[in-house]
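Let's walk through this one together, feature by feature. Have the viewer open and follow along.

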Amino acid sequence: MNLGRLLEEKAKKFPKRTAVVYEGKAINFEELNKTVNRLANGLKSLGIEKGDRVAIMLPNIPEFVTTFLACQKLGSVAVPFNTMYKGGEIFYILKDCGAKAIVTLKNIVPLINEIKPDLPNLKYIITTGERDLIFADPESTLFLQGVLSKNIFRDLEDAYQRVGDILTQSFKELGLREVWYKHRGSLRVDGRKLAGFSFLEIEDIYILQMVCFLTPFDPSDFFSVIWIPPEVKDKVLEPLTSIQEALGRFPNDQEVRDALLSGLRKGFGITFKESGLTRDEKLGYEKYKAIAKKR
Amino acid sequence: MEWRVIFNNEGEVADLMALPAAVAEARVAGRYILVQKPIPETIILQKVKRKGILVGVEVVIDREEAEKEGIEIAVQPKGGRGGMNPAGTISFQELILRAKDQFTSVESSIDEMAALIYTSGTVGNPKGAMLTHGNFFAECEATIEVIVTNEEDRFVSLVPFFHIYGLAIGLVVPLFRGCSTLLIPQYSPRNFLERMDEEKISILIAIPTQYYHLLRAAKRKPAMKSALKYCISGAAPLPIPMIHDFKETFGVDIMEGYGLTETTSAVAVNSRHKTRPGSVGLPIHGVQIKIVNEDGQPMLPNTPGEILVKGKVVMAGYYNMQEETQKYLVEGWFYTGDIGYQDEEGFLYITDRKKDIIIKGGFNISPAEIEGLLIAHPKVKEAAVVGEKEKEGREEAIKVFIVPADGEKVTSSEIIEYCRMRLAPYKVPDGVEFRESLPKSATGKILKKELRQGYRDGRLIEKE
């Protein structure tokens with residue numbers, strides 16, 4: 001007997017009985033078994049075999065249940081760990097267990113990306129969930145985004161490296177001598193995060209998303225809107241710093257924008273022209289805004 | 001080459017999504033309809049006019065509160081197939097969509113590893129506890145007499161499944177019993193109470209801080225008509241007054257249990273018929289518990305010593321840690337590192353963590369005893385006591401961390417004086433530090449590790 005068999009047995013014995021309820025939707029044992037089979041096949045197609053470790057960094061959502069049970073059917077080992085872990089904590093576990101794959105939330109990907117180069121065993125990042133949480137604060141946060149052809153870069157690694165280097169130069173130009181960038185996505189001062197970026201992809205386009213903190217970021221107002229148990233509040237965000245803290249003075253928006261654009265200009269050997277959206281883009285913009293505001 | 005730059009210096013939070021999405025969409029579409037000139041590479045610089053949160057569709061937001069606080073909320077469109085995905089990752093949904101729904105299980109024996117769960121000790125790196133298929137089955141069988149269920153029962157676990165308590169009791173037990181389980185990834189106490197009614201939840205699995213939040217929320221609501229049969233608490237001590245308070249409000253007992261990652265969660269639980277508040281219950285079916293002194297000699301009832309556990313729920317060992325495994329797992333007995341005693345009837349009481357014991361002037365001092373006293377102080381909300389090595393020597397000093405009660409001011413001399421009146425001189429704290437909050441784990445345990453000297457924040461990423 002094993003845990004994979006256990007599910008098969010239940011699916012056979014009472015296929016229509018509810019196994020899992022999520023967001024008002026009931027999933028019966030038969031359906032659960034089928035989804036688990038699909039995932040087991042999917043993982044197998046990636047080369048996950050008996051004895052391989054599969055990390056699970058997910059909250060209590062159906063994908064957790066599915067992944068845990070698919071591991072059991074494959075004879076692989078589930079390694080679930082805390083979704084609030086950051087940097088060094090995640091790294092230690094993934095390194096120690098030698099996980100071949102991790103199943104996690106999309107919004108956690110930047111954390112994994114940053115440590116992935118030092119995890120030779122970790123081949124696959126499998127993502128799910130629409131749980132992004134981006135805080136925007138008029139004082140503190142500045143966003144830089146890019147809609148760029150993939151063919152500007154050799155590959156994704158190159159994209160992370162070049163953009164990381166360019167942003168590092170920009171921040172140095174501002175006078176932040178201590179800023180460093182090593183791996184995918186985080187610019188740091190003293191181990192703390194000053195700015196983070198990541199790439200999304202759609203067809204042959206990368207969408208660059210960067211946020212940097214101009215002044216110390218205080219999330220307390222935001223926490224009244226999203227219920228987070230008081231005792232874990234300080235664990236939700238990574239340790240952060242800001243340009244103001246690193247520079248020792250209040251930064252001027254304009255100088256930060258100029259430094260960022262100047263870095264991009266030099267880094268990519270391009271010029272900039274300021275303009276607005278085209279007519280087609282405006283239509284799309286209105287559509288997306290409507291989606292964003294829909295309840 | 002010329003790129004375009006768009007400035008949006010006083011935007012709305014929705015713009016953070018809508019602007020790049022619109023540009024990307026027009027570029028992707030532009031290639032197919034072959035009209036106009038191509039859209040250039042684009043950089044967008046944005047700041048917002050008001051505070052805002054851009055959220056994925058699955059994040060639960062309190063819209064009323066957002067309006068009150070003047071925080072704009074914008075929701076991202078669903079990603080997934082054809083949508084935007086983090087570059088360099090595989091979409092879970094795509095992975096299962098392409099796959100067949102038949103699968104022949106790979107043969108695994110009961111002694112093979114099913115899960116590897118990391119547990120962070122008081123000192124040192126986390127250790128991976130190797131749990132076998134057999135461990136999970138043993139835990140399911142061990143709890144049959146204390147969590148009596150029928151097929152109608154509906155479980156819910158507010159404890160995350162990445163924690164052994166949530167995984168074993170909240171996920172594997174219902175599967176084993178053929179019961180259903182409600183998944184709640186993110187809850188607010190108020191919303192959860194409603195869901196609990198709607199879904200007719202009969203078995204609630206949670207930790208003391210969650211019970212505390214639920215109680216507070218329930219008191220602000222009219223009478224509940226819940227289907228609750230059992231509530232189980234673990235992972236941290238449950239204050240006795242809360243058990244009574246909960247019974248009065250919800251009409252059910254909270255049954256406190258005790259377990260560890262290394263024992264696939266529970267090894268002792270208060271059953272409905274045999275409950276002793278303050279105790280974590282009797283050893284459960286198939287589990288042996290022994291209390292020993294430092295020489296490994298069994299202790300008499302009501303005399304504290306280290307708690308040892310034996311049975312099929314005990315892990316196979318620590319992953320890649322032969323030495324640690326041999327140290328903590330001797331002849332099938334797992335040395336928990338917890339200090340406690342059993343009464344004449346076998347009820348188990350947890351008093352301390354072995355590694356937390358402070359040795360000062362040759363005395364063994366129990367931090368839990370001092371903490372218990374401090375919490376009884378009306379101006380103290382939370383307290384934690386740790387030992388601190390004094391310069392050069394092995395002698396430890398007693399350091400206390402205090403979170404004052406809401407709106408209260410308290411001084412360190414007040415605290416020391418209070419202890420002096422009630423404790424033996426060698427137990428009186430040497431230093432007091434005030435904090436706004438104490439570091440806690442996902443299951444509400446105070447992380448003393450983070451309060452000790454020389455603690456390095458493991459979340460930081462260093463350059464080298």
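## Reading the two chains

Q: Which residues of helix α1 (residues 3-13) of chain A are buried?

A: A residue is buried if 20 or more other C-beta atoms lie within 10 Å of its own, exposed if 12 or fewer, and partly exposed in between, with C-beta atoms placed from the backbone. In α1 of chain A, the buried ones are Leu3(A), Gly4(A), Leu6(A), Leu7(A), Lys10(A) and Ala11(A). The buried residues of α1(A) fall within an arc of 160 degrees seen down its axis, so they line one face of the helix. The arc is that of the directions from the helix axis to the C-beta atoms.

Before we go on, a word on the model. It is predicted: local features need pLDDT of at least 70, side-chain atom pairs count only at pLDDT 80 or more, and totals for chains, interfaces and linings use all residues. Residues are numbered from 1 along each chain as its sequence is written, while chains are lettered from A and ligands numbered from 1 in the order in which they are written.

Q: What covers the buried residues of α1(A)?

A: Think contacts: two residues are in contact if their C-beta atoms, placed from the backbone, lie within 7 Å. The cover includes α2 (29-45) and α3 (62-74) of chain A, together with β7 (113-119), α4 (133-142) and α5 (164-177) of chain B.

Q: How many residues of chain A are in contact with chain B?

A: Count each side separately: 132 residues of chain A touch 122 residues of chain B. Helix α10 (residues 279-293) of chain A gives the most to the chain A side, with nine residues. By class, that side has 66 nonpolar, 30 polar and 36 charged residues. The classes work like this: Ala, Val, Leu, Ile, Met, Phe, Trp, Tyr, Cys and Pro are nonpolar, Asp, Glu, Lys and Arg are charged, and the others, Gly among them, are polar.

Q: In which sense do strand β8 (residues 141-149) of chain A and strand β2 (residues 42-48) of chain B pair?

A: Strands pair if DSSP finds at least two bridges between them. Here β8 of chain A and β2 of chain B have five bridges, in the antiparallel sense. For a landmark, look at Gln145(A), whose bridge partner in β2(B) is Ile44(B).

Q: Where are the domains of chain A?

A: Domain bounds come from an automatic or database domain assignment. For chain A that gives domain 1 (3-128) and domain 2 (141-292). Their centres, taken over C-alpha atoms, are 30 Å apart. Ten residues of domain 1 of chain A are in contact with ten of domain 2 of chain A, and helix α5 (residues 109-115) of chain A gives the most to the domain 1 side, with five residues.

Q: Which residues of helix α6 (residues 189-198) of chain B are buried?

A: Those are Pro189(B), Phe192(B) and Met196(B). They span an arc of only 55 degrees around the axis, which puts them on the same side of α6(B). The face turned away from that side carries exposed Glu194(B) and Glu198(B). The cover over the buried residues of α6(B) includes α7 (208-219) of chain B.

Q: What order do the strands take in the open sheet of chain B?

A: The order is β24-β25-β26 (chain B), with mixed pairing. β24 (380-389) and β26 (431-434) of chain B stand at the edges with a single partner strand each, so one side of each lacks a neighbour in the sheet. β24(B) and strand β25 (residues 396-404) of chain B pair in the antiparallel sense over nine bridges, and Val385(B) has Val400(B) as its bridge partner in β25(B).

Q: Which residue of the hairpin of β20(B) and β21(B) takes a positive phi?

A: Gly346(B) does, near 100 degrees, in a hairpin with five residues between the strands.

Note on methods:
Helix = DSSP H or I, 4+ residues; strand = E, 2+ residues; numbered from the N terminus.
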